[in-house]
Amino acid sequence: MAFKRKFTPKRKFCRFCADKSLPLDYKRPDVLRDFVTERGKIIARRITGTCAKHQRRLTTEIKRSRQMALMHYTTVHSTDVKKKSI
């Protein structure tokens with residue numbers, strides 16, 4: 001019995017290597033939000049497809065953006081989520 005592959009995953013690529021004009025800067029939280037989950041976790045490079053060099057820099061820039069209060073650390077800190085009232 002021959003084995004056939006039913007699903008071939010799409011090849012992942014680094015967005016920053018492909019598009020040199022895309023800035024990787026802490027002052028651009030709109031770009032950085034694509035690499036952070038709703039809960040505030042940084043998404044791994046095996047999922048996003050970024051190369052190791054840009055993933056290290058991306059992590060640093062996300063942390064800088066959080067420190068400068070341009071991005072939230074967690075969902076509890078965001079204004080969208082309402083806290084439970086006791």
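## Close-up views of the salt bridges

**View A. Arg 28 pairs with Asp 30.** Arg 28 forms a salt bridge with Asp 30. Their closest N and O atoms are 3.6 Å apart. This is a predicted model. Arg 28 has a relative accessible area of 33%, so this residue is partly exposed. Asp 30 is partly exposed too, at 45% relative accessibility.

**View B. Arg 15 meets Asp 34.** The two side chains form a salt bridge, with 3.3 Å from N to O. This pair links distant parts of the chain. Arg 15 sits in helix H1, which covers residues 15–18. Asp 34 lies in the loop between helix H2 (29–32) and helix H3 (45–48). The partners are 19 residues apart. Arg 15 counts as partly exposed, at 32% relative accessibility. Asp 34 is also partly exposed, at 44%.

**View C. Glu 61 pairs with Arg 64 inside helix H4.** The closest N and O atoms of this salt bridge are 3.1 Å apart. Helix H4 spans residues 52–67. Glu 61 and Arg 64 are three residues apart in helix H4, so about one helical turn separates them. Is Glu 61 buried or exposed? Glu 61 is buried, because its relative accessible area is 5% and buried means under 20%. Arg 64 is partly exposed, at 43% relative accessibility.

**View D. The salt bridges together.** How many salt bridges does the structure hold? The structure holds three. One joins Arg 28 and Asp 30. Another joins Arg 15 and Asp 34. Glu 61 and Arg 64 form a further one.

Terms used: Residues are numbered from 1 along each chain as its sequence is written. This is a predicted model: local features need pLDDT of at least 70, side-chain atom pairs count only at pLDDT 80 or more; totals for chains, interfaces and linings use all residues. Side-chain values use heavy atoms; hydrogens and water are left out. A salt bridge is a side-chain nitrogen of Lys or Arg within 4 Å of a carboxyl oxygen of Asp or Glu. Helices (H or I, at least four residues) and strands (E, at least two) are DSSP runs, numbered from the N terminus. Buried means under 20% relative accessible area, exposed over 50%, partly exposed in between (1.4 Å probe, protein chains only).
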